[in-house]
Amino acid sequence: EIMRARFQVREFAIGAALRAILSFAFCLAAIELGWGGLGLLAGSALAYYVSAAFSARTIWRGPRAKADLDQLRLFFRLGFVFTITGFVYTFQCSMDRLFLAWHSGEAFSGLYGASADLTRQIIQMPAGSIAAAAFPIAVSSLAQYGAGRARENLERFGEILLAVLVPAAIGLSLTAPYLASFLLGPAFRDTAASIVPILAAGWLFQCFTQFYVHVSFHLAKRPEWSLLQGMTSVAINVACIWPLTDAWGLQGTAMSFLISEACGTALGLVL
């Protein structure tokens, strides 16, 4: 975040690429050594540590101003709510797999999870890249020129985000069988072809919420609205996931995610 705020794009990209490469290498080594799931977690944690240490030379500098206790209290208040919101959204994005593991068994959770992860990566990656560039610009505009300029930048950002996300979701839905046959194993392909179009629509709403609606909440210093929105999405998902799964199987599980995300986005726009 510090490198993004300073517009140090090259350093940010190098750190992200290094983390991805190290994660793959360390986790592959853990698998080869037979360390199981704990080895994968340890490998991921080590990769994050090494990449953070590498980036430390860029961001660890002495403070340029004396500590302001009022600002620190504000950071704590906003950050505490933001942290709770992060837990809520992590649960929202994991609830379908957790529910399936409990309701239908680990095999169904694995079948669903492979499709869900594929969809999330394809939809979220370009959205996150756009947000990484747009959010610092919006913050800078608000700080230097006021709310009017920030609103103009957010409007352009929202148009660019939709211009990327909508075709990506539609394209992924249309090519789901072919992508699944290329990227996933034989056991996962039929499931992916049936639920990826639903998941793509759900992640379209999720990314628009996360990378556009929440940006406006942060600029307004209203992180509690993000928390309210997230809890609403979770509540709708909890209410829908069981009956829809019983009625339509894995497609019903995906529909529950889509409905909860669409409702959450609508509430966020109202807020």
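Is Ser173 buried, exposed or partly exposed? Ser173 is partly exposed, because its relative accessible area is 24%. Buried means under 20% relative accessible area, exposed over 50%, and partly exposed in between (1.4 Å probe, protein chains only).

This is a predicted model, so local features need pLDDT of at least 70, side-chain atom pairs count only at pLDDT 80 or more, and totals for chains, interfaces and linings use all residues. Residues are numbered from 1 along each chain as its sequence is written, and side-chain values use heavy atoms, with hydrogens and water left out.

**View 1. Ser173 and Leu199.**
Ser173 sits in helix H6. Helices (H or I, at least four residues) are DSSP runs, numbered from the N terminus. Along the sequence, Ser173 and Leu199 are 26 residues apart. In space, their C-alpha atoms are 8.8 Å apart.

**View 2. The largest nonpolar core.**
A nonpolar core is a set of buried Ala, Val, Leu, Ile, Met, Phe, Trp, Tyr and Cys residues joined through side-chain atoms within 4.5 Å. The largest one has 40 residues. Those that touch the most other members are Tyr112, Ile123, Phe157, Leu161, Leu165, Leu199 and Cys207. At least two residues of this core come from each of H4, H5, H6, H7 and H9. Which helix gives the most to this core? H7 does, with 15 residues.

**View 3. The cavity.**
Rolling a probe the size of a water molecule over the atoms shows where empty space is left. On a 1 Å grid over the protein atoms alone, a cavity is a set of points where a 1.4 Å probe fits but cannot get out. A pocket is an open set with protein on both sides within 12 Å along at least five of seven lines. Lining residues have an atom within 4 Å of a point. Grid points are joined across faces, edges and corners, and a volume is the space filled by probe spheres set on the points. The structure holds one cavity of 30 Å³ or more. The largest cavity has a volume of about 30 Å³. Its lining is made by Cys93, Asp96, Arg97, Ala116, Asp117, Arg120, Trp203 and Phe257. Helix H4 (69–103) and helix H5 (106–145) are the elements that give two or more residues to this lining. The lining of the largest cavity holds four nonpolar, no polar and four charged residues. Here Ala, Val, Leu, Ile, Met, Phe, Trp, Tyr, Cys and Pro count as nonpolar, Asp, Glu, Lys and Arg as charged, and the others, Gly among them, as polar.

**View 4. The second largest pocket.**
The second largest pocket holds about 400 Å³ of space. It is lined by 16 residues, and the closest to its centre are Arg151, Leu154, Tyr212, Ser216 and Phe217. Helix H6 (147–183), helix H7 (186–219) and helix H9 (250–270) each supply at least two lining residues. The lining of this pocket divides into 12 nonpolar, two polar and two charged residues. Leu154 lies in helix H6. Leu154 counts as buried, at 12% relative accessibility. Leu154 and Ser216 are 62 residues apart in sequence, yet 8.0 Å apart in space, C-alpha to C-alpha. Arg151 is also found in helix H6, but Arg151 counts as exposed at 58% relative accessibility.

**View 5. Aromatic rings.**
A pair of aromatic rings is described by the distance of the centres and the angle of the planes. Rings of Phe, Tyr and Trp (its six-membered ring) pair if their centres lie within 6.5 Å. Planes under 30 degrees apart count as stacked, over 60 as edge-to-face and the rest as tilted. The structure holds eight aromatic pairs. The rings of Phe217 and Trp225 are edge-to-face, because their centres are 5.6 Å apart and their planes are at 80 degrees. Phe217 is buried, at 3% relative accessibility. Trp225 is partly exposed, at 25%. Phe99, Trp102 and Trp242 are linked by ring pairs into a cluster.

**View 6. Arg149 over Tyr145.**
Arg149 lies over the face of Tyr145, at 4.3 Å from the ring centre. A charge sits over a ring if NZ of Lys or CZ of Arg is within 6 Å of the ring centre and within 35 degrees of the ring normal.

**View 7. Lys221 in a loop.**
Lys221 is in the loop between H7 and helix H8 (223–248). Lys221 is not a glycine, yet it has a positive phi of about 55 degrees. Lys221 counts as partly exposed, at 45% relative accessibility.
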